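Open the structure in your viewer and keep the sequence panel beside it. The stops below go from the whole chain to single residues.

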Amino acid sequence: MEHLRGFIFCICFFILAAMNGSVEASKQFKVGDHIGWQQPGANNTEVYTQWATSKRFHVGDSLSFEYQNDSVLVVEKWDYYHCNINKPISSFDDGNTVINLDRPGLFYFISGVPDHCKKSQKLMIQVMGLHQRSESSPGIPSTPEVGLAPGPHPSSSGIVVTVTLTSVFLALILTVVTMV
């Protein structure tokens, strides 16, 4: 009887391990793709909003800002909307800045060069929970004026609670093993 229980446990473990391949690796996104981080042209002021809405950002991903004679400021919401460069959370001017997205929620970035932000060199992104493999494409922006892709609604602790097929399968396995 004990051998049967061990055998069933091993089989279930391997099935569970095979099913658990649903988590994707983190990604690094080059901000602005081929144009990088620079003041947009007069006819292309929505470039960073359009770029952000075409992507899905998750905790663990990172943003790579590539620029010359410029800077990147991580700012609060108010500073983003008012292009206030005086109180950044973080400031970078090394020409190649990588920022890790370490939490779900909104992140705000502006240029530290006076007037660049007012000419639309700013970026707002929505970061969702950890990567889950999915066949869906990036979503429709939730609000046209800010162009953010919709994300999950976090619980009060900030952790997204999800019941997956894997957790249901694990509960079923444990039930069968204890019955044997």
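How much accessible surface does the protein chain have, and what share of it belongs to carbon and sulfur atoms? The accessible surface comes to about 11,200 Å², and 58% of it belongs to carbon and sulfur atoms; such areas come from the Shrake-Rupley method with a 1.4 Å probe, and for residues only the protein chains shown count as cover.

Before going on, note that this is a predicted model, in which local features need pLDDT of at least 70, side-chain atom pairs count only at pLDDT 80 or more, and totals for chains, interfaces and linings use all residues. Residues are numbered from 1 along each chain as its sequence is written, and side-chain values use heavy atoms, with hydrogens and water left out.

**Stop 1: the whole chain**

Show the chain as a cartoon. Four helices and eight strands make up its elements; helices (H or I, at least four residues) and strands (E, at least two) are DSSP runs, numbered from the N terminus. Followed from the N terminus, the order is α-β-α-β-β-β-α-β-β-β-β-α. Of the 180 residues, 36% are buried. Here buried means under 20% relative accessible area, exposed over 50%, and partly exposed in between (1.4 Å probe, protein chains only). Among contacts with a separation of 6 or more, 70% join residues 24 or more positions apart; a contact means heavy atoms within 4.5 Å.

**Stop 2**

Select residues 28-30, which are β1, then 62-66, which are β3, then 96-100, which are β6. These three strands form an open sheet with mixed pairing, in the order β1-β3-β6. Two strands pair if DSSP finds at least two bridges between them. The edge strands β1 and β6 each pair on one side only. On average, neighbouring strands of this sheet are turned by 20° against each other, direction ignored; the axes are lines fitted to C-alpha atoms, and angles run from 0 to 180 degrees between N-to-C directions.

Now look at β3. Four of its five residues are buried, so the strand is largely enclosed by the rest of the structure. With β1 it pairs in the parallel sense over three bridges, and with β6 in the antiparallel sense over five bridges. Select Ser 64: Lys 30 stands opposite this residue, and Ser 64 also stands opposite Val 98 in β6.

**Stop 3: the disulfide**

Which two residues form a disulfide? Select Cys 83 and Cys 117, whose sulfur atoms are 2.2 Å apart; a disulfide is a pair of cysteine sulfur atoms within 2.5 Å. Cys 83 lies in the loop between α3 (77-82) and β5 (90-92) and Cys 117 in the loop between β7 and β8, so the pair ties together parts that are 34 residues apart in sequence. The torsion about the S-S bond is about -70°, so the disulfide is left-handed. Both cysteines are buried. A search of the whole structure finds one disulfide.

**Stop 4: two residues in a loop**

Stay in the loop between β7 (105-111) and β8 (122-128) and select Asp 115. Most residues other than glycine have a negative phi. Asp 115 has a positive phi, near 75°. Its relative accessibility is 45%, so Asp 115 counts as partly exposed. Next select Ser 120, in the loop between β7 and β8. Ser 120 is not a glycine, yet its phi is positive, about 80°.
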